[in-house]
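Here is a friendly walk through a structure, in questions and answers. Have the sequence and the view open as you read.

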Amino acid sequence: LSQATIYGDFICEGGEFENSEKTALSANGADFKRNVCLRQNFSARGKVELSSASIGQNLDCRSGEFYNVPGTALEADLAIVQGSVLLSSKCRATGAVFLSGIVIGENLQCEKGIFGNQGKIALCVQSAEIKDSVYLGSGFKATGEVSLSGANIGNSLICEGLFENSR
């Protein structure tokens with residue numbers, strides 16, 4: 001789907017994508033006019049790429065599963081999301097999640113999100129711009145490094161989750 005234009009919602013509820021240790025779903029540079037829904041039993045074994053994508057509303061990954069060990073599970077570097085990024089409600093990422101340089105018009109919500117990449121980057125939100133708040137609380141769990149270095153957060157940073165990083 002790289003460079004594609006999708007005028008409605010892009011809904012992959014229950015979708016299964018598999019290309020282990022390679023790219024399972026690529027939508028780099030795509031222009032989504034509404035929501036991107038990789039949620040509710042969505043499963044990717046392999047990298048999901050959304051770098052430089054434009055999303056007119058929300059990136060909704062609630063209850064989605066992203067697995068790509070030892071590599072990157074989800075990458076949305078330099079993406080522009082007009083609404084919120086929802087990596088919550090038991091969203092599970094095994095492998096790195098990169099949101100470096102992303103612009104989020106509302107919130108980054110990771111409540112009850114589970115991010116695992118032992119001894120490496122689990123969640124990277126470096127140099128991002130989040131217009132409202134970042135929620136890493138209420139059931140958030142990261143095994144690996146969480147980095148918000150250089151991020152500009154317009155409102156609150158809520159960190160009440162469990163952070164583990166052993167090398």
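Q: How many salt bridges does the count come to?
A: This is a predicted model, and a salt bridge here needs a Lys or Arg side-chain nitrogen within 4 Å of an Asp or Glu carboxyl oxygen. By this rule the count comes to nine.

Q: Arg34 forms a salt bridge with which residue?
A: Arg34 sits in the loop between strand 4 (31–32) and strand 5 (36–37), and the partner sits in the loop between strand 1 and strand 2 (10–11), so the pair ties together parts that are 25 residues apart in sequence. The closest N and O atoms are 3.5 Å apart, and the partner is Asp9.

Q: Is Arg34 buried, exposed or partly exposed?
A: Buried would need under 20% relative accessible area, and exposed over 50%. Arg34 has 37% relative accessibility, so this residue counts as partly exposed.

Q: Which residue forms a salt bridge with Lys47?
A: Look for two strands here: Lys47 lies in strand 6 and the partner in strand 9, so the pair ties together parts that are 28 residues apart in sequence. Both residues are buried. With the closest N and O atoms 3.3 Å apart, the partner of Lys47 is Glu75.

Q: How far apart are the closest N and O atoms of Glu129 and Lys131?
A: Glu129 is partly exposed, with a relative accessible area of 32%. Lys131 is partly exposed too, at 45%. The two form a salt bridge, and the closest N and O atoms are apart by 3.2 Å.

Q: Which residues do salt bridges that share partners join into one network?
A: Here the bridges link up through shared partners. The residues joined in this one network are Glu13, Arg39, Asp60 and Arg62.

Q: Which residue is the bridge partner of Ile104 in strand 16?
A: Strand 13 (residues 103–104) and strand 16 (residues 129–130) run parallel and are joined by two bridges. In strand 16, the bridge partner of Ile104 is Ile130.

Q: Which residue in strand 9 does Arg45 stand opposite?
A: Strand 6 and strand 9 pair in the parallel sense over five bridges. In strand 9, Arg45 stands opposite Tyr67.

Q: Which residues does Lys22 touch, not counting residues up to four places away in sequence?
A: Lys22 lies in strand 3 and is exposed, with a relative accessible area of 56%. Beyond four places away in sequence, Lys22 touches Gly46, Lys47 and Asn68.

Q: Which residues touch the most other members of the largest nonpolar core?
A: This core has 42 residues. Elements that give two or more residues to the core include strand 6 (43–49), strand 9 (65–75) and strand 15 (114–124). The residues that touch the most other members are Leu38, Phe66, Leu87 and Phe115.

Q: Which residue forms a tilted aromatic pair with Phe115?
A: Phe115 is buried, with a relative accessible area of 1%. The partner lies in the loop between strand 17 and strand 18 (141–147) and Phe115 in strand 15, so the pair ties together parts that are 25 residues apart in sequence. At 5.5 Å centre to centre and 40 degrees between the planes, the partner is Phe140.

Q: Which residues do ring pairs link with Phe17 into a cluster?
A: The structure holds five aromatic pairs. In one of them, Phe17 and Phe42 are tilted, with 5.6 Å centre to centre and 40 degrees between the planes. The residues that ring pairs link with Phe17 into a cluster are Phe42 and Phe66.

Conventions
Residues numbered from 1 in each chain as written. Predicted model: local features only at pLDDT ≥ 70, side-chain atom pairs only at ≥ 80, totals over all residues. Heavy atoms only, no water. Core = buried A, V, L, I, M, F, W, Y, C linked by side-chain atoms within 4.5 Å. Buried < 20%, exposed > 50% of the residue type's maximum accessible area, 1.4 Å probe, protein only. Helix = DSSP H or I, 4+ residues; strand = E, 2+ residues; numbered from the N terminus. Pairing = 2+ DSSP bridges. Contact = heavy atoms within 4.5 Å. Phe/Tyr/Trp six-rings, centres within 6.5 Å; stacked < 30°, edge-to-face > 60°.
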